[in-house]
Amino acid sequence: MKESLLDVLIYLFENYMFDDDGYEPDQETLALELSQAGFEHAMIDQAFDWLENLARLCEQNPEENSIGPAGAVRHYTPEECEHLNLEARGLLLSLEQCGVLNGTTREMVIDQLMALGVEQVELDHIKWVILMVLSNYTGGEGISELTETLVLDGLHACIH
């Protein structure tokens with residue numbers, strides 16, 4: 001059995017996000033497919049909750065709005081610092097500075113990272129959550145290039 005909430009989300013992202021065949025299964029069908037793929041029902045339910053929360057965040061924050069003035073510094077709560085180490089926070093700052101994230105999407109990413117329920121967020125977690133947030137927030141526009149930049153090439157490709 002596969003155990004991580006992020007594993008379920010990545011499976012959904014890879015198998016359904018950029019599917020051009022028009023197939024859009026309902027939640028019950030998806031749950032069955034995920035179960036057959038080896039995911040536990042509790043993780044499947046958590047993934048659906050996570051995605052519903054992301055959809056709510058996207059609806060509440062239209063693309064033209066950005067939280068905070070340009071150049072503002074984001075202060076992390078003690079709980080966020082506990083889960084997002086210095087390297088993780090640095091990655092978020094770098095991606096905001098190079099224009100991949102804005103204040104709104106940064107906050108959405110942080111909220112969704114905290115919702116993963118992992119003790120220590122890893123850089124790969126951040127990359128995948130960013131892809132999921134941006135693909136939902138922008139409707140998938142420009143995500144293929146971003147996918148290559150973040151997941152395949154890493155941050156250095158974004159900065160250079």
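Because the model is predicted, local features need pLDDT of at least 70 and side-chain atom pairs count only at pLDDT 80 or more, while totals for chains, interfaces and linings use all residues. Residues are numbered from 1 along each chain as its sequence is written, and side-chain values use heavy atoms, with hydrogens and water left out.

The protein chain contains 9 helices and 0 strands, where helices (H or I, at least four residues) and strands (E, at least two) are DSSP runs numbered from the N terminus. Of its 160 residues, 41% are buried; buried means under 20% relative accessible area, exposed over 50% and partly exposed in between, for a 1.4 Å probe and protein chains only. Among contacts (heavy atoms within 4.5 Å) between residues at least 6 apart in sequence, 69% join residues at least 24 apart.

Helix α3 spans residues 41-60 and has 20 residues. From its first C-alpha to its last it reaches 29 Å, close to the 28 Å expected at 1.5 Å a residue, the expected span being 1.5 Å times one less than the number of residues. The buried residues of α3 include Met-43, Phe-48, Trp-50 and Cys-58. Their cover includes α1 (5-17), α2 (27-36), α6 (103-114) and α7 (123-137).

Cys-81 lies in helix α4 (residues 78-83) and is partly exposed, with a relative accessible area of 32%. Apart from neighbours within four places in sequence, Cys-81 contacts Tyr-76 and Arg-89. The C-alpha atoms of Cys-81 and Gln-120 are 9.6 Å apart, although 39 residues separate the two along the chain.
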